[in-house]
Amino acid sequence: MAGGWRFCVAPMIDWTDRHCRAFHRVMTRRARLYTEMVTTGAVIHGDRRRVLGFDPAEQPVAVQLGGCEPAALAQAARICEGEGYAEINLNVGCPSDRVQDGRFGACLMRTPGLVGECVAAMTASVSIPVTVKCRIGVDEQDPGPALDALVDAALAAGAGALIVHARKAWLQGLSPKENREIPPLDYDRVLQLKARLPRAPVVLNGGLASLEAGLAHLPPLDGMMLGRAAYHDPEILIGVDPLLFGEEAPVADGFEAVEAFLPYVERRLAEGVRLHSMTRHMLGLFPGRPGARAWRRHLATEAVKPGAGLATLREALALVSRESGPRAAA
């Protein structure tokens, strides 16, 4: 159902690991969370506990796969379904050198037929939804026919939803970071796609800095996906359940979010996970509050030390003022 993608946190390499997702989950019960992109090779041949492990509390959580060989994607999808994921997402948007060397990610925008074969192979292998995250085009492609051809192939093969980053990707001349900022946003192109395919779930991604910015497009679009905005200012997520689903938020503010996250931190510390591996995803809390800078500084300097534990996190929290007021630059 389209409602399953009403709000999503984007897959972000080096950011949306299992600890990040567990932290995000304490602030929203309803958001759909995504793993970092994992390649089919890593899924099939790697350490599955390390590559695919997640806490059941993260659900609903989707795994994003990178690959371009239908048989390998089908095998990886079966493994991921067996690990308990709620969705398989095919990466057709990442422009990094790594994916270009492997001829997957945004490179697949040039081969819609192959995308269709990949999606068909996965949908035939699993019972959970298979979705596609793409750009509106790459390089000199015309975003009109390029996006239509890609989407039509994916839907014909059984894709359950389309997540469209409303920018082109330039495979030569721009870094991955520049590809997130320099190509102009074209939300109208995504709206045109939805108008042509009213029954297909279409989720908007790219440049959305707030929930309100995404809500401006719902409807006609079926959902929004926030990435950097949600990561750098995670308290945005506290508004997801009330604003998008009409439900009470699980926590009232960042202070309650930290308290709710402590049991998870304690469990992981007991397993040998370093505190910094978890707290690095929390640095964006408390924007505008007195003490926010001290919170970041304390975690950045103390959480990396051997033996750092819950006391370190509580010490950092005590540096932040609980006085309410308008958010401002911290």
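Apart from residues up to four places away in sequence, Ala308 touches Leu269, Leu275, Glu302 and Ala303; contact means heavy atoms within 4.5 Å. The model is predicted, with local features requiring pLDDT of at least 70 and side-chain atom pairs pLDDT 80 or more, while totals for chains, interfaces and linings use all residues. Residues are numbered from 1 along each chain as its sequence is written, and side-chain values use heavy atoms, without hydrogens and water.

Ala308 lies in the loop between α15 (292–302) and α16 (310–318). Helices (H or I, at least four residues) and strands (E, at least two) are DSSP runs, numbered from the N terminus. Ala308 counts as buried because its relative accessibility is 13%. Buried means under 20% relative accessible area, exposed over 50%, and partly exposed in between (1.4 Å probe, protein chains only). Ala308 and Leu269 are 39 residues apart in sequence, with 9.1 Å from C-alpha to C-alpha.

The largest nonpolar core has 113 residues. Such a core is a set of buried Ala, Val, Leu, Ile, Met, Phe, Trp, Tyr and Cys residues joined through side-chain atoms within 4.5 Å. Phe7, Leu65, Val132 and Trp295 have the most contacts inside this core. Helix α13 (residues 254–270) gives the most to it, with 7 residues. Beyond its neighbours within four places in sequence, Leu65 contacts residues including Met37, Val43, Leu73, Ala77 and Met122.

Leu73 and Ala77 also belong to the contact between α4 and α6. There, Pro70, Leu73, Ala74 and Ala77 of α4 meet Leu114, Glu117, Cys118, Ala121 and Met122 of α6. By class, this contact has 8 nonpolar, no polar and 1 charged residues. Ala, Val, Leu, Ile, Met, Phe, Trp, Tyr, Cys and Pro count as nonpolar, Asp, Glu, Lys and Arg as charged, and the others, Gly among them, as polar.

Helix α9 (residues 187–196) has Tyr187, Arg189, Val190, Leu193 and Lys194 as its buried residues. Viewed down the axis of α9, they fall within an arc of 160 degrees, so they line one face of the helix. The arc is that of the directions from the helix axis to the C-beta atoms. Asp188 and Ala195 are exposed on the other side of α9. The buried residues of α9 pack against α7 (143–156), β7 (162–165) and β9 (202–205).

Asp186 sits in the loop between α8 (176–179) and α9. Asp186 counts as partly exposed because its relative accessibility is 30%. Asp186 touches Ile136 and Ala166, leaving out residues up to four places away in sequence.
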